[in-house]
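I opened the model today and kept notes on what I looked up. The entries follow in the order in which I made them.

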Amino acid sequence: MFWKSKKNPVDIIKDATYNSVKKLMWLKCAQCGKLVFYKEYKKIRMCPKCQHLFGMNPSQRFKMLFDDLDFKKLGMPVFKDDPMGFKDIKTYKDKLADARDETGSREGISAATGEIGGVNSTVAVMNMEFIGGSMGRSVGEGIVYAATHALKNKQPFIMVTSSGGARMQENLLSLMQMARTTVAINKLNDAGLPYIVVLGDPTYGGVTASFAMIGDVHIAETGARIGFAGRRVIEQNLHEKLPANFQTAEYLLDHGMVDIVAKRTELKKTLGDILKILTRAKAPEFAAPVIKTPTGGVLNSSKTTEAYNKVLLARNENRPHFLDYVNGMVGGFIPLAGDRLYGEDPAMIGGIGWFDDRPAVIIGQEKGRDAATRTKHRFGMANPEGYRKAARLMRLAEKFKLPLISLIDTAGAFAGKEAEERGQSQAIAASIQTGLLIKTPYIAAIVGEGGSGGAIAIATGDKVLMMENSVYSVIAPESCASICWKDNKFKAEAAQAMKLTAQDALQLGLIDQVVPEPAGGAHTDWEVSMNNLRAAICAQLDVLGKSDPAALPAERAAKFLKMTQ
């Protein structure tokens, strides 16, 4: 006989209570499938096992970003619902009502004001839980309202995105928000206020194609998915499988679209450090760097001309390179990546930091120290992306009235098929042009090799310095010997004839100062070399600081026009 057991109603209530408590205690990660303890989730809202990002609503974001959990929410503008009477399976009004019930928010955008790293800031956050974070009239107007609040109060504006794109239920009214939000950001730019975008998971469509991709600095959360068209749409269109990392934050970093990929736990500190520099706040205290001079390396021959001996000294493998100078002279350096067009070029490094207690933008070529890093940095020979990144950072320096410091050390721009295809000449020309036009103090220092257009691309400063044993030339002496003497064994004679040393350049009126090096060359004592260069740059910045920034481009132009006459 078949017996059908029935649970006691009390047991059913107990089971429901247990399941409810269990659901509150543990969450299942959508990526790795592991259970995450709720207390651990609440702390960082990411899977501790696979680093997958859980969604965060605006209130959670505000608590994570603002100092001491202290912030004031801004009232958002209110619009009439459903302006177009849209209906699919259910009415748009019903969808809005459901979203409001589920989230407790009237719309998919919230904003607040408070301090981040001690800097008063306005933050707007999109809510992915509200109809997929889609952008309609209310979201667009909320962004405009928050940006206007930042403008009126002369505060930095931080935009935290998480969205599937434009809101289809509002069609063209939604499309127009792409232009309207861009207008609001343009006004911030005109006022010289920082606009930083934090790209959360996911950020797609009309959001990335408007306000989310025109920030001064783009920070993407680790693992965030970011793009215009969705992965599935692209795969269906191309009929091919895309790479596993396609449209991830790390993919966009490699392809020049974001400056920084940050872990969620590091986001607040990263934002605070950037804001302090861009707002020219008081420099924090940094521990004195430990500068170690390497031993060994290439020896210089005494059986050559003085000029070619300088070439060998400039190329010495133990000579300090860009990153060495940054580590020894710049406090709190924050690298900023990408040309926002195609890629990130490790041969040209740039970023922001504190140069002798001055907030500054620093750019330069990095040659690498060993086989792996030399390959990565291509011996300091930049592609077009490197020069376009340099020009972008020049404009960043101008906007925030920060001095620009460039350290030149390259045999020249990279000679390659892909570099030509992507416009190497145009990129170098645009970098030269931008450097001549920026309205902010600009110091260029040749610290090793100053090779051809690859060097002058970032050497059109108000003041141009050369380390004592650096060289500056339109072509390498070996190449010159091959062309003019028909034999590169005459490289020493070529070097002597070309007048490529710092002393020659000073005598010709092409540079402003020669910075002394220790006996034997900069590679023999890094600390002395760095201290000499730091002192020289600071002295020149003190002089330029007395000039009207608006007058600097004309003075710079006159200086270069006078050369060679």
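Which residues form a nonpolar patch on the surface, and with about how much accessible area together? I found Met25, Trp26, Leu35 and Phe37, with about 360 Å² together. For patches, I took residues with over 30% relative accessible area and no salt bridge, joining nonpolar side chains (Val, Leu, Ile, Met, Phe, Trp, Tyr) within 5 Å and like charges within 9 Å. Accessible areas are Shrake-Rupley values with a 1.4 Å probe, and for residues only the protein chains shown count as cover. Methionine 25 belongs to helix H1, residues 9–25. Its relative accessible area is 38%, so I put methionine 25 down as partly exposed. The scale I used is buried under 20%, exposed over 50% and partly exposed in between, with a 1.4 Å probe and protein chains only.

Note on the source. The model is predicted, so I kept local features only at pLDDT of at least 70 and side-chain atom pairs only at pLDDT 80 or more, while totals for chains, interfaces and linings use all residues. Residues are numbered from 1 along each chain as its sequence is written, and side-chain values use heavy atoms, with hydrogens and water left out.

Whole chain. I noted 21 helices and 17 strands; these are DSSP runs numbered from the N terminus, helices being H or I of at least four residues and strands E of at least two. The C-alpha atoms fill a box of roughly 105 × 60 × 50 Å along the principal axes. Of the 565 residues, 50% count as buried. The chain exposes about 26,800 Å², and carbon and sulfur atoms supply 56% of that area. I also looked at contacts (heavy atoms within 4.5 Å). Among those between residues at least 6 apart in sequence, 71% join residues at least 24 apart.

Phenylalanine 333. I placed this residue in strand S10, residues 330–335. Phenylalanine 333 counts as buried because its relative accessibility is 19%. Leaving out residues up to four places away in sequence, phenylalanine 333 touches Val326, Ile349, Gly350, Gly351, Ile352, Gly353 and Ile362. I also noted 9.4 Å between the C-alpha atoms of phenylalanine 333 and aspartate 273, which are 60 residues apart along the chain.

Salt bridges. I recorded 29 in the structure, each being a side-chain nitrogen of Lys or Arg within 4 Å of a carboxyl oxygen of Asp or Glu. Aspartate 216 and lysine 399 form one at 2.8 Å, N to O. Aspartate 216 sits in the loop between strands S7 (195–203) and S8 (217–221) and lysine 399 in helix H13 (residues 384–399), so the pair ties together parts 183 residues apart in sequence. Aspartate 216 and lysine 399 are buried.

What does helix H13 pair with through arginine 392? Aspartate 259 is the partner, with the closest N and O atoms 2.6 Å apart. Aspartate 259 lies in the loop between helix H8 (249–254) and strand S9 (260–262), so this pair ties together parts 133 residues apart in sequence. Relative accessibility is 3% for aspartate 259, which counts as buried, and arginine 392 is buried at 10%.

Last entry. Glutamate 449 bridges to lysine 367, the closest N and O atoms being 2.7 Å apart. Glutamate 449 is in strand S14 (residues 442–451) and lysine 367 in the loop between strand S12 (358–365) and helix H12 (371–377), 82 residues apart. Both glutamate 449 and lysine 367 are buried. Shared partners join Arg315, Lys367, Asp409, Glu449 and Glu478 into one salt-bridge network.
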